[in-house]
Amino acid sequence: MINEFSRTELLIGAEKLHILRKSTVMVLGVGGVGSHCIEALARCGVGRLVLVDNDTVSLTNINRQSIAAHSTIGRFKTEVMRERIKDICPETEVVTCETFVLPDNVEELFAQRPDYVIDAIDTVTAKLAVVEKALEYGIPVISSMGTGNKLHAELFEIADISRTSVCPLCKVMRRELRARGIRHLKVLYSKEKPVDISARASEEDKGSRRSLPGSISFVPPVAGLLIAGEAVRDIMAGSAAKGTYPCENEAEGTDPRQRGEERNGFI
């Protein structure tokens with residue numbers, strides 16, 4: 001029978017489509033990266049999506065976020081995203097959490113029991129808390145690094161954070177992860193040197209406690225689509241459901257799961 005996912009089923013087959021329909025993906029951040037990632041996941045047939053973001057749509061989101069339009073300004077991003085998904089696939093279950101991700105509430109978020117976690121937030125302390133909790137529960141996670149101040153989306157790649165370079169956020173994350181005894185993390189990043197925008201402060205910067213990055217319509221969306229693709233392939237391969245995590249301590253020949261230390265994806 002013809003349905004929203006008929007063409008997808010032609011490509012991946014009924015069995016893998018069924019796996020996607022039974023999967024739960026939690027996406028933290030419904031911005032330029034997260035909104036496009038979420039939409040791609042919905043269009044792939046992921047059956048349950050947990051969306052976490054406490055922000056509302058603003059005028060300056062319109063240049064890059066799929067949920068941003070003049071008609072949605074002032075509304076919760078999660079709410080607009082839920083409506084968009086309902087229009088794409090009414091059967092997809094969407095859980096929304098209008099909350100700012102903090103180390104103190106990460107445990108509560110993971111109570112949604114995701115099979116896969118996508119970090120598309122920009123606060124380092126929150127990113128680290130998410131990674132640590134995913135490691136604790138043995139849930140695969142992929143983390144988006146910096147997409148601001150960039151013009152070349154073709155330079156994005158998915159890699160282990162230990163093999164990244166150039167990206168300032170990757171440098172901070174590598175240092176902080178090492179301090180926590182975490183050596184590996186699957187990330188999306190770019191080797192493109194960020195554009196220097198220091199001489200071009202905006203009106204928005206005047207009311208902000210930090211320097212706001214520049215952005216453009218075709219960069220964050222590409223990052224979101226690449227992350228969605230990686231997550232879907234991982235889920236179809238069974239790593240999310242079966243817990244097929246690599247051995248960290250090869251020198252000792254000990255799988256971390258045998259020590260009671262669940263590892264996810266590249267962690």
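Helix α3 has 13 residues and spans 19 Å from its first C-alpha to its last, close to the 18 Å expected at 1.5 Å a residue. The expected span of a helix is 1.5 Å times one less than its number of residues. Helices here are DSSP runs (H or I, at least four residues), strands are runs of E with at least two, and both are numbered from the N terminus. The model is predicted: local features need pLDDT of at least 70 and side-chain atom pairs count only at pLDDT 80 or more, while totals for chains, interfaces and linings use all residues. Residues are numbered from 1 along each chain as its sequence is written, and side-chain values use heavy atoms, with hydrogens and water left out.

The protein contains ten helices and seven strands. Of its 267 residues, 49% are buried, where buried means under 20% relative accessible area, exposed over 50% and partly exposed in between (1.4 Å probe, protein chains only). A contact means heavy atoms within 4.5 Å. Among contacts between residues at least 6 apart in sequence, 69% join residues at least 24 apart.

Back in α3, eleven of the 13 residues are buried, so the helix is largely enclosed by the rest of the structure. The buried residues include G32, V33, H36 and L41. What do the buried residues of α3 pack against? They pack against β1 (24-28), β2 (48-52), α4, β4 (116-119), β5 and α9. Just after α3, G45 takes a positive phi of about 100°.

Two packed helices are described by the angle between their axes and the distance between the axes. Axes are lines fitted to C-alpha atoms, for helices over the stretch in contact, and angles run from 0 to 180 degrees between N-to-C directions. Helix α3 (residues 32-44) packs with helix α4 (residues 77-88) at an angle of about 25°, and their axes are 10 Å apart. The two helices are therefore roughly parallel to each other. Angles under 35 degrees count as roughly parallel, over 145 as roughly antiparallel, 65 to 115 as roughly perpendicular and the rest as oblique. On the α3 side, S35, I38, E39, A42 and R43 make the contact, and on the α4 side M81, R84, I85 and I88. By class, these residues are five nonpolar, one polar and three charged. Ala, Val, Leu, Ile, Met, Phe, Trp, Tyr, Cys and Pro count as nonpolar, Asp, Glu, Lys and Arg as charged, and the others, Gly among them, as polar.

V124, K127, L128 and V131 of α6 meet L169, V172, M173, E176 and L177 of α7. This contact has seven nonpolar, no polar and two charged residues.

S144 lies in strand β5 (residues 141-144). Is S144 buried or exposed? At 5% relative accessibility, S144 counts as buried. Leaving aside neighbours within four places in sequence, S144 is in contact with residues including V33, K127, L169 and I227.

Helix α9 (residues 220-237) has 18 residues and reaches 26 Å from its first C-alpha to its last, close to the 26 Å expected. Among the buried residues of α9 are P220, G224, I227 and V232. G238 follows α9 and has a positive phi, near 95°.
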